[in-house]
Amino acid sequence: MFTVMGVNNQTFLFSSSCRRDGEPPLIKGWIPIIGKALEFGKDAHKFLEKHKEKYGDVFTVQIAGKYMTFIMDPLLYPNIIKHGRQLDFHEFSNRVAPFTFGYPPVTGKYPGLREEIRRSFHLLQGDGLIALTESMMGNLMLVFRQDHLAERPGEEGSWKSGNIYQFCFTVLFEATFLTLYGKPPAARRHSGMGVLREDFIKFDKMFPLLIAQIPIWLLGRTKAIRENLIRCFLPHRMSIWSNKSQFIRRRSEVFDQYDTLRDFDKAAHHFAILWASLGNTVPATFWTMYYLVSHPEALEVVRQEIHDVLRTNGVEFSRDRDVTISRELLDKLLYLESSINESLRLSSASMNIRVAQEDFDLQLDSERSVPVRKGDIIALYPQSMHLDPEIYEEPQTFQFDRYTQDSKKKTDFYKDGEKLKYYLMPFGSGSSKCPGRYFAINEIKQFLCLLLLYFDLQLEEGQTRATVDSSRAGLGILLPTTDIRFRYRLRVNQD
Ligand code: HEM
């Protein structure tokens with residue numbers, strides 16, 4: 001039986017048998033437990049837009065046995081994000097992350113561990129970020145120099161072909177690994193990176209299923225593959241690596257304080273960071289590179305900006321000389337940053353999840369509130385905001401300078417005539433916001449600086465446009481459905 005109820009000028013339709021007064025409309029699936037999960041998983045953005053049209057800005061969906069209330073109006077986001085105490089993110093991540101990465105849940109068995117882990121995140125920012133950015137620059141340069149800048153005799157000035165995703169992944173994987181975990185004794189690079197990369201890709205393919213808490217034994221060889229990856233970080237291996245980041249050094253010190261953590265558990269924590277540092281950064285770099293290469297006018301503006309910033313700050317570079325671009329200079333690259341933000345807007349589909357810690361009335365704005373039950377999930381889905389034509393004109397189009405205005409960063413975007421506090425949210429929000437966000441933006445900038453400074457770039461002809469694979473909706477930056485081929489050659493005229 002269905003009842004029609006009016007809640008603050010909105011008409012809601014829901015089954016009266018299980019909803020309390022004032023609760024948002026409930027959308028149930030046909031299949032109990034799985035609920036709307038299948039439809040949601042196919043194309044979350046479309047699914048949510050369809051329901052928003054029918055039910056308004058706030059509605060509850062039964063997904064995989066859970067009740068999730070979606071708040072669709074971005075003007076309401078600030079009110080949700082500030083409810084840190086009643087709406088907790090970590091209850092969710094504390095359950096899902098150990099299951100996915102294979103370490104024991106961080107419970108009372110390890111007093112203080114959760115807090116220490118959180119404290120270590122500060123080392124990804126502030127002064128820690130300066131050192132990380134410097135180290136990343138050196139490692140990116142090393143990989144570029146040895147793998148891509150050397151030309152064999154007879155090859156001078158000739159085009160090479162590659163796949164954009166594969167190119168980004170290979171370079172970033174190794175440079176990030178070296179930057180975070182350090183290098184082996186008596187060598188500048190680790191051997192066996194190829195095998196590790198292959199295992200990482202296989203694990204990453206299963207990542208959405210693990211996050212959905214599908215038992216790992218149902219996923220073929222995934223358990224063995226994850227174990228290989230974890231074993232790489234066993235303490236006796238890591239102890240001989242030098243130049244580790246302060247972030248990873250601090251985490252190792254923290255883990256060593258707990259006798260109850262086995263070596264394998266410590267290694268699994270380190271592996272989780274490897275995934276966190278690459279899982280979204282690689283696709284984000286792919287999209288920025290792809291959009292720039294497929295918009296040559298934008299690419300030229302960004303390339304010119306890099307040259308101008310280097311020249312005015314007295315940084316010289318040539319093909320035979322390594323270039324260093326400090327964090328301070330990276331901050332001046334306005335068009336590059338705007339291109340990255342625009343690519344994140346078009347490719348990010350993360351879901352911000354909060355779990356209600358008690359029954360309470362969630363104040364949506366000065367007039368509206370909805371009752372929330374303990375254990376309910378409140379979800380924000382910023383992709384709907386990122387693709388809202390009222391906020392972003394022609395939302396499906398890549399406009400490299402969308403986040404600039406009068407040679408400054410543009411930060412004013414509007415909905416219903418009101419300025420939005422949150423208009424771009426690829427990194428989550430509030431207390432669960434990604435601690436690696438500044439590092440991520442810097443490394444994407446560094447990668448693209450090297451690429452644009454050293455190479456002419458073209459898409460190979462005869463390919464269809466890259467499209468997003470929505471099967472990771474809710475989990476971060478979407479991957480492309482297929483890789484895209486490109487051509488590159490060393491630039492002769494370098495300014
Ligand atoms: C473009 C690249 C990146 C994107 C889009 C991204 C996005 C995110 C998001 C959305 C979350 C929050 C999860 C949630 O609220 O559900 C998160 C968490 C996290 N990210 Fe990133 N991330 C990126 C790069 C990085 C990098 C380079 C690191 C470096 C180590 C990193 C480390 C982390 C960690 C440790 C967490 C967990 C924080 C916690 O448990 O509170 N991320 N990331």
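**Domains and a helix pair**

Reply: This is a predicted model. The centres of domain 1 and domain 2, taken over C-alpha atoms, are separated by 32 Å.

Me: Where do domain 1 and domain 2 run in the domain assignment?

Reply: Domain 1 is given as 2–99 + 350–386, and domain 2 as 113–347 + 393–490.

Me: And how many residues of each are in contact?

Reply: On the domain 1 side there are 23 residues, in contact with 26 residues of domain 2.

Me: Which helices each supply at least two residues of the side of domain 1 that touches domain 2?

Reply: Those are α1 (37–42), α3 (77–81), α4 (90–101) and α17 (382–386). The most comes from α4, with four residues.

Me: What is that side of domain 1 by class?

Reply: The side of domain 1 that touches domain 2 has 15 nonpolar, six polar and two charged residues.

Me: Switching to α6 and α7. At what angle do their axes cross?

Reply: Roughly 135 degrees, and the axes of α6 (residues 126–149) and α7 (residues 164–181) come within 8 Å. That angle makes α6 oblique to α7.

Me: Is the crossing of α6 and α7 left-handed or right-handed?

Reply: The crossing of α6 and α7 is right-handed.

Me: Which residues meet there?

Reply: From α6, L132, S135, M136, N139, L140, V143 and F144 meet V171, E174, A175, L178 and T179 of α7. By class, the residues of this contact are eight nonpolar, three polar and one charged.

Conventions
Residues numbered from 1 in each chain as written. Predicted model: local features only at pLDDT ≥ 70, side-chain atom pairs only at ≥ 80, totals over all residues. Axes fitted to C-alpha atoms, helices over the stretch in contact; angles between N-to-C directions. Parallel < 35°, antiparallel > 145°, perpendicular 65-115°, else oblique. Left-handed = near helix turned anticlockwise from the far one by under 90°. Contact = placed C-beta atoms within 7 Å. Nonpolar A, V, L, I, M, F, W, Y, C, P; charged D, E, K, R; others polar. Domains from an automatic or database assignment.
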